[in-house]
Amino acid sequence: MRYVMFILGLFVGAFGCVLTIKAHLGVAPWDTFHIGLQKTFGLTIGIWSQIVGVIVILSSYVVAKIKPNFAMFLNMVCFGTFLDLILWSNAIPEPQTFVARLLVFLLGVIVMTIGIGMYLSPRLGAGPRDSFMLAMNERLGWSIQKVRLIIEITVLIAGAALGGPVSIGTVLIAVLTGPMIQRTIPFWEMVMKKQYGMPEPVKRQAS
(Lines give C-alpha, C1' and ligand atoms only; values in the text may rest on other atoms or scores of the structure.)
Protein backbone atom coordinates (compact mmCIF):
# COMPACT_ATOMS: atom_id res chain seq x y z
CA MET A 1 0.00 0.00 0.00
CA ARG A 2 2.94 2.36 0.57
CA TYR A 3 3.97 1.92 -3.07
CA VAL A 4 0.36 2.34 -4.23
CA MET A 5 0.17 5.67 -2.38
CA PHE A 6 3.61 6.62 -3.73
CA ILE A 7 2.66 5.97 -7.38
CA LEU A 8 -0.80 7.50 -7.02
CA GLY A 9 0.80 10.62 -5.54
CA LEU A 10 3.17 10.86 -8.50
CA PHE A 11 0.20 10.66 -10.88
CA VAL A 12 -1.70 13.35 -8.99
CA GLY A 13 1.43 15.53 -8.90
CA ALA A 14 1.95 15.08 -12.65
CA PHE A 15 -1.71 15.96 -13.29
CA GLY A 16 -1.28 19.18 -11.31
CA CYS A 17 1.90 19.95 -13.21
CA VAL A 18 0.06 19.57 -16.54
CA LEU A 19 -2.66 21.93 -15.32
CA THR A 20 -0.02 24.63 -14.69
CA ILE A 21 1.49 24.00 -18.13
CA LYS A 22 -1.92 24.32 -19.82
CA ALA A 23 -2.67 27.58 -17.98
CA HIS A 24 0.29 29.36 -19.68
CA LEU A 25 0.96 31.53 -16.64
CA GLY A 26 4.36 30.10 -15.77
CA VAL A 27 5.53 26.79 -14.35
CA ALA A 28 7.91 25.55 -11.65
CA PRO A 29 11.66 26.18 -12.30
CA TRP A 30 12.44 22.53 -13.08
CA ASP A 31 9.48 22.41 -15.50
CA THR A 32 10.76 25.59 -17.17
CA PHE A 33 14.06 23.74 -17.70
CA HIS A 34 12.38 20.57 -19.06
CA ILE A 35 10.14 22.55 -21.43
CA GLY A 36 13.14 24.60 -22.59
CA LEU A 37 15.03 21.39 -23.38
CA GLN A 38 12.00 20.04 -25.24
CA LYS A 39 11.67 23.21 -27.33
CA THR A 40 15.39 23.28 -28.13
CA PHE A 41 16.24 19.60 -28.70
CA GLY A 42 12.91 17.85 -29.27
CA LEU A 43 11.75 14.71 -27.43
CA THR A 44 8.98 15.14 -24.82
CA ILE A 45 8.77 16.99 -21.53
CA GLY A 46 8.42 13.69 -19.67
CA ILE A 47 11.48 12.15 -21.35
CA TRP A 48 13.56 15.22 -20.52
CA SER A 49 12.32 14.99 -16.93
CA GLN A 50 13.63 11.41 -16.85
CA ILE A 51 16.96 12.24 -18.54
CA VAL A 52 17.58 15.13 -16.15
CA GLY A 53 16.56 12.82 -13.29
CA VAL A 54 19.28 10.31 -14.24
CA ILE A 55 21.89 13.09 -14.43
CA VAL A 56 20.79 14.45 -11.05
CA ILE A 57 20.92 10.99 -9.44
CA LEU A 58 24.48 10.46 -10.73
CA SER A 59 25.46 13.96 -9.56
CA SER A 60 24.12 13.26 -6.06
CA TYR A 61 26.28 10.14 -5.87
CA VAL A 62 29.40 11.96 -7.14
CA VAL A 63 28.90 14.97 -4.85
CA ALA A 64 27.92 13.28 -1.59
CA LYS A 65 27.87 9.51 -2.25
CA ILE A 66 24.06 9.43 -1.92
CA LYS A 67 23.23 5.98 -3.29
CA PRO A 68 20.12 5.77 -5.46
CA ASN A 69 17.35 3.47 -4.29
CA PHE A 70 14.45 1.79 -6.06
CA ALA A 71 11.94 4.47 -5.07
CA MET A 72 14.17 7.19 -6.54
CA PHE A 73 14.20 5.51 -9.95
CA LEU A 74 10.48 4.70 -9.68
CA ASN A 75 9.82 8.38 -8.97
CA MET A 76 11.81 9.42 -12.03
CA VAL A 77 10.26 6.88 -14.42
CA CYS A 78 6.65 7.22 -13.27
CA PHE A 79 6.51 11.01 -13.07
CA GLY A 80 7.92 11.53 -16.56
CA THR A 81 5.67 8.82 -18.00
CA PHE A 82 2.56 10.25 -16.32
CA LEU A 83 3.41 13.74 -17.60
CA ASP A 84 3.63 12.55 -21.20
CA LEU A 85 0.52 10.37 -20.96
CA ILE A 86 -1.62 13.20 -19.58
CA LEU A 87 -0.29 15.69 -22.14
CA TRP A 88 -0.73 13.16 -24.98
CA SER A 89 -4.32 12.35 -23.97
CA ASN A 90 -5.40 16.01 -24.33
CA ALA A 91 -7.73 15.37 -21.41
CA ILE A 92 -7.18 18.93 -20.18
CA PRO A 93 -8.40 21.62 -22.61
CA GLU A 94 -6.47 24.88 -22.71
CA PRO A 95 -8.41 27.72 -21.03
CA GLN A 96 -9.13 30.71 -23.27
CA THR A 97 -9.72 33.63 -20.92
CA PHE A 98 -7.35 35.05 -18.31
CA VAL A 99 -9.76 34.24 -15.47
CA ALA A 100 -10.05 30.63 -16.67
CA ARG A 101 -6.27 30.37 -17.02
CA LEU A 102 -5.80 31.72 -13.51
CA LEU A 103 -8.31 29.25 -12.06
CA VAL A 104 -6.68 26.32 -13.90
CA PHE A 105 -3.26 27.46 -12.71
CA LEU A 106 -4.33 27.73 -9.05
CA LEU A 107 -6.08 24.35 -9.27
CA GLY A 108 -2.86 22.92 -10.73
CA VAL A 109 -0.78 24.25 -7.82
CA ILE A 110 -3.25 22.78 -5.29
CA VAL A 111 -3.38 19.39 -7.06
CA MET A 112 0.42 19.33 -7.45
CA THR A 113 1.02 19.94 -3.73
CA ILE A 114 -1.55 17.30 -2.81
CA GLY A 115 0.31 14.84 -5.01
CA ILE A 116 3.66 15.74 -3.45
CA GLY A 117 2.20 15.15 0.02
CA MET A 118 0.83 11.80 -1.12
CA TYR A 119 4.06 10.45 -2.59
CA LEU A 120 6.19 11.69 0.31
CA SER A 121 3.88 10.34 3.03
CA PRO A 122 4.93 6.65 2.64
CA ARG A 123 8.54 7.84 3.30
CA LEU A 124 10.09 5.62 0.65
CA GLY A 125 12.80 8.17 -0.09
CA ALA A 126 13.35 11.53 -1.73
CA GLY A 127 13.14 12.05 -5.47
CA PRO A 128 16.22 12.72 -7.64
CA ARG A 129 16.05 16.50 -7.34
CA ASP A 130 15.49 16.51 -3.58
CA SER A 131 18.36 14.05 -3.18
CA PHE A 132 20.62 16.41 -5.13
CA MET A 133 19.54 19.25 -2.86
CA LEU A 134 20.50 17.15 0.17
CA ALA A 135 23.82 16.24 -1.49
CA MET A 136 24.70 19.90 -2.02
CA ASN A 137 23.64 20.69 1.53
CA GLU A 138 25.98 18.00 2.86
CA ARG A 139 28.87 18.93 0.56
CA LEU A 140 28.75 22.71 1.00
CA GLY A 141 27.32 22.97 4.48
CA TRP A 142 24.74 25.53 3.36
CA SER A 143 21.16 25.53 4.63
CA ILE A 144 18.54 23.53 2.72
CA GLN A 145 16.66 26.73 1.93
CA LYS A 146 19.76 28.40 0.47
CA VAL A 147 20.73 25.35 -1.57
CA ARG A 148 17.19 24.92 -2.91
CA LEU A 149 17.02 28.60 -3.89
CA ILE A 150 20.37 28.48 -5.72
CA ILE A 151 19.48 25.27 -7.58
CA GLU A 152 16.04 26.52 -8.64
CA ILE A 153 17.35 29.92 -9.77
CA THR A 154 20.05 28.14 -11.80
CA VAL A 155 17.65 25.76 -13.58
CA LEU A 156 15.16 28.61 -14.08
CA ILE A 157 17.78 30.77 -15.83
CA ALA A 158 18.93 27.80 -17.92
CA GLY A 159 15.33 26.92 -18.81
CA ALA A 160 14.48 30.51 -19.75
CA ALA A 161 17.61 30.69 -21.95
CA LEU A 162 16.38 27.56 -23.77
CA GLY A 163 12.93 29.06 -24.34
CA GLY A 164 11.07 27.65 -21.36
CA PRO A 165 8.09 29.63 -19.98
CA VAL A 166 8.70 32.11 -17.17
CA SER A 167 5.88 34.28 -15.83
CA ILE A 168 4.13 35.38 -12.66
CA GLY A 169 3.04 31.79 -12.09
CA THR A 170 6.67 30.76 -11.60
CA VAL A 171 6.92 33.15 -8.65
CA LEU A 172 3.54 32.04 -7.28
CA ILE A 173 4.62 28.39 -7.36
CA ALA A 174 7.84 29.24 -5.53
CA VAL A 175 5.90 31.14 -2.85
CA LEU A 176 2.86 28.87 -2.45
CA THR A 177 4.12 25.30 -2.75
CA GLY A 178 6.35 25.21 0.36
CA PRO A 179 3.66 26.24 2.88
CA MET A 180 1.05 24.08 1.13
CA ILE A 181 3.27 20.97 1.14
CA GLN A 182 3.88 21.47 4.87
CA ARG A 183 0.14 20.99 5.34
CA THR A 184 -0.45 18.13 2.89
CA ILE A 185 2.36 15.87 4.14
CA PRO A 186 1.05 15.59 7.76
CA PHE A 187 -2.47 14.88 6.45
CA TRP A 188 -1.37 12.00 4.23
CA GLU A 189 1.02 10.67 6.89
CA MET A 190 -1.95 10.56 9.27
CA VAL A 191 -3.95 8.66 6.62
CA MET A 192 -1.12 6.16 6.14
CA LYS A 193 -0.72 5.72 9.91
CA LYS A 194 -4.42 5.29 10.57
CA GLN A 195 -5.11 2.91 7.69
CA TYR A 196 -1.84 0.97 7.40
CA GLY A 197 -0.12 1.33 10.76
CA MET A 198 2.89 3.33 9.67
CA PRO A 199 4.99 4.62 12.59
CA GLU A 200 4.93 8.25 13.64
CA PRO A 201 7.28 10.43 11.55
CA VAL A 202 10.51 11.40 13.25
CA LYS A 203 10.41 15.02 14.36
CA ARG A 204 13.60 16.96 13.65
CA GLN A 205 14.52 20.26 15.17
CA ALA A 206 15.18 23.06 12.74
CA SER A 207 18.85 24.01 12.51
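Biologist: Against which helices do the buried residues of α3 pack?

Modeller: This is a predicted model. In it, the buried residues of α3 pack against α1, α2 (29–41), α4 and α6 (128–140). The buried residues of α3 include I45, W48, S49, V52, V56 and I57.

Biologist: Why is S49 called buried?

Modeller: S49 lies in helix α3. Its relative accessibility is 5%, and buried means under 20%; S49 therefore counts as buried.

Biologist: With which residues is S49 in contact, leaving aside its neighbours within four places in sequence?

Modeller: They are H34, F79, G80 and R129. R129 also has a charged end that sits over the ring of W30.

Biologist: What makes you say that the charged end of R129 sits over the ring of W30?

Modeller: The distance from the ring centre is 5.1 Å. The criterion asks for a distance within 6 Å, and for a position within 35 degrees of the ring normal. The charged end of R129 is accordingly listed as sitting over that ring.

Biologist: How do you know that the span of helix α3 agrees with expectation?

Modeller: Helix α3 (residues 45–64) has 20 residues, and at 1.5 Å a residue they should span 28 Å. Its end C-alpha atoms are 28 Å apart, so the two values agree. Helix α3 is followed by K65, whose phi is positive, near 55 degrees.

Biologist: Which other residues have a positive phi, although not a glycine?

Modeller: H24 has a phi of about 55 degrees and lies in the loop between α1 and α2. N90 likewise has a positive phi of about 55 degrees, and N90 is found in the loop between α4 and α5.

Biologist: Why is H24 called partly exposed, and why is N90 called exposed?

Modeller: Exposed means over 50% relative accessible area, and partly exposed lies between that value and the 20% limit for buried. H24 has 47% relative accessibility and therefore counts as partly exposed. N90 has 56%, so N90 counts as exposed.

Biologist: What of V175: is this residue buried or exposed?

Modeller: V175 has its place in helix α8 (residues 168–196). At 52% relative accessibility, against a limit of over 50%, V175 counts as exposed. V175 and K39 are 136 residues apart in sequence and 26 Å apart in space, C-alpha to C-alpha.

Biologist: Why is V111 called buried?

Modeller: V111 lies in helix α5 (residues 98–120). Its relative accessibility is 15%, whereas the limit for buried is under 20%; V111 therefore counts as buried. Other buried residues of α5 include F105, M112, I116 and Y119.

Biologist: Which residues touch V111, leaving aside its neighbours within four places in sequence?

Modeller: V111 is in contact with V12, F15, G16 and L19. V111 and F79 are 32 residues apart in sequence and 14 Å apart in space, C-alpha to C-alpha.

Biologist: How do you know that the span of α5 agrees with expectation?

Modeller: The 23 residues of α5 should span 33 Å at 1.5 Å a residue, and the end C-alpha atoms are 33 Å apart, so the two agree.

Biologist: How many aromatic pairs are there, and why is the pair of F11 and F82 called edge-to-face?

Modeller: The count comes to five aromatic pairs. F11 and F82 are 5.3 Å apart, centre to centre, with 85 degrees between the planes. Ring centres must lie within 6.5 Å to pair, and an angle over 60 degrees counts as edge-to-face, so the pair of F11 and F82 is edge-to-face. This pair links distant parts of the chain, with F11 in helix α1 (residues 2–23) and F82 in helix α4 (residues 70–89), 71 residues apart.

Biologist: What makes the radius of gyration agree with that of a compact globule?

Modeller: With 207 residues, a compact globule would have a radius near 17 Å, and the protein chain has 17 Å, so the values agree. The secondary structure comes to eight helices and zero strands. Buried residues make up 44% of the 207 residues.

Technical notes
Residues are numbered from 1 along each chain as its sequence is written. This is a predicted model: local features need pLDDT of at least 70, side-chain atom pairs count only at pLDDT 80 or more; totals for chains, interfaces and linings use all residues. Side-chain values use heavy atoms; hydrogens and water are left out. Helices (H or I, at least four residues) and strands (E, at least two) are DSSP runs, numbered from the N terminus. Buried means under 20% relative accessible area, exposed over 50%, partly exposed in between (1.4 Å probe, protein chains only). Contact means heavy atoms within 4.5 Å. Rings of Phe, Tyr and Trp (its six-membered ring) pair if their centres lie within 6.5 Å; planes under 30 degrees apart count as stacked, over 60 as edge-to-face and the rest as tilted. The radius of gyration is taken over C-alpha atoms; the globule rule is 2.2 Å times the number of residues to the power 0.38. The expected span of a helix is 1.5 Å times one less than its number of residues.
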